[in-house]
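I opened the model today to see how its pieces pack together. Here are my notes, in the order I looked things up.

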Amino acid sequence: MIESIVGFLQTLPPWGVIAFVFLIAYVENLFPPSPSDVLLVFAGTLIGIGVAGYVPLLIASTLGGVTGFASAYLIGRRYGRQVVASPLVPFLDLALIDRVQVWFDRYHGLIIVVNRFLAGTRAVIAFAAGITHMPFPRTIVYCGISATAWNALLLWIGSLAGTRWREMDSYLSAYG
């Protein structure tokens, strides 16, 4: 699947790559797991060959990550308890939400800042932040800091990796 997406990315004009980067960063917050980290590393390789610029890709990936996080937050705030009680989302239960609440109480916004660097936590943390009614503006600022730092790192790694992006796929898969 990654190979076909990468092939597709190579055919896009610069604005298409930017739009796709926004989309994958948005979706990763709502539908875990997604291969967004690998795709961002690959998008970074496109910087090195001049298809897209670092700053536009960083802005697009950060905006995508923040709006995806905000969407998950708002879903959690509005429908959270109903979703957790539903059998449609088997990876979420009240015990997990309670554990995340303890993290929020102990670490406040720091958990949102570091969650991007912890495999498998993005969607759960965003959703739980909504359920627990963390203040929305502050939550979005923390998410923006986290998304900017993580996406900058992945794009930079990709720009250095060049055509060896497949090696990064194996590292990121092991990390995930």
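I began with burial: a residue is buried under 20% relative accessible area, exposed over 50% and partly exposed in between, using a 1.4 Å probe and protein chains only. By that rule, 47% of the 176 residues of the protein chain count as buried.

A note on provenance: this is a predicted model, where local features need pLDDT of at least 70, side-chain atom pairs count only at pLDDT 80 or more, and totals for chains, interfaces and linings use all residues. Residues are numbered from 1 along each chain as its sequence is written, and side-chain values use heavy atoms, with hydrogens and water left out.

**Overall layout.** I took helices (H or I, at least four residues) and strands (E, at least two) as DSSP runs, numbered from the N terminus. The protein chain has nine helices and zero strands, so read from the N terminus the order is α-α-α-α-α-α-α-α-α. I then turned to contacts, meaning heavy atoms within 4.5 Å. Of the contacts in the protein chain with a separation of 6 or more, 80% come from residues 24 or more positions apart.

**Helix H7.** How many residues of H7 are buried? I found 10 of its 10, across residues 122–131. They are Arg122, Ala123, Val124, Ile125, Ala126, Phe127, Ala128, Ala129, Gly130 and Ile131. What do they pack against? My list has helix H3 (36–48), helix H4 (54–85), helix H5 (94–107), helix H6 (110–115) and helix H8 (136–161). After H7 comes His133, and its phi is positive, near 60°.

**H4 against H7.** Two packed helices are described by the angle between their axes and the distance between the axes. Axes here are lines fitted to C-alpha atoms, for helices over the stretch in contact, and angles run from 0 to 180 degrees between N-to-C directions. For H4 and H7 I noted an angle of about 70° and axes 6 Å apart. Angles under 35 degrees count as roughly parallel, over 145 as roughly antiparallel, 65 to 115 as roughly perpendicular and the rest as oblique. H4 and H7 are therefore roughly perpendicular to each other.

From H4, the residues that meet H7 include Phe69, Tyr73, Arg77 and Arg81; among their partners in H7 are Arg122, Ile125 and Phe127. I sorted the residues of this H4 and H7 contact into 11 nonpolar, three polar and three charged. For that tally, Ala, Val, Leu, Ile, Met, Phe, Trp, Tyr, Cys and Pro are nonpolar, Asp, Glu, Lys and Arg charged, and the others, Gly among them, polar.

Leaving out residues up to four places away in sequence, Ser61 touches Val21, Ala25, Leu40, Asn151 and Leu155. I also logged 8.9 Å between the C-alpha atoms of Ser61 and Ala152, which are 91 residues apart along the chain.

**Ser146 in H8.** My last stop was Ser146, found in helix H8. Ser146 is buried because its relative accessible area is 2%. Beyond residues up to four places away in sequence, Ser146 touches Ile112, Val113, Arg116 and Phe117. A polar atom of the Ser146 side chain lies 2.7 Å from the backbone oxygen of Val113.

How values were computed. A polar contact is a pair of N or O atoms within 3.5 Å; within protein, one must be able to donate a hydrogen and the other to accept it, and residues adjacent in sequence count only if both atoms are side-chain atoms.
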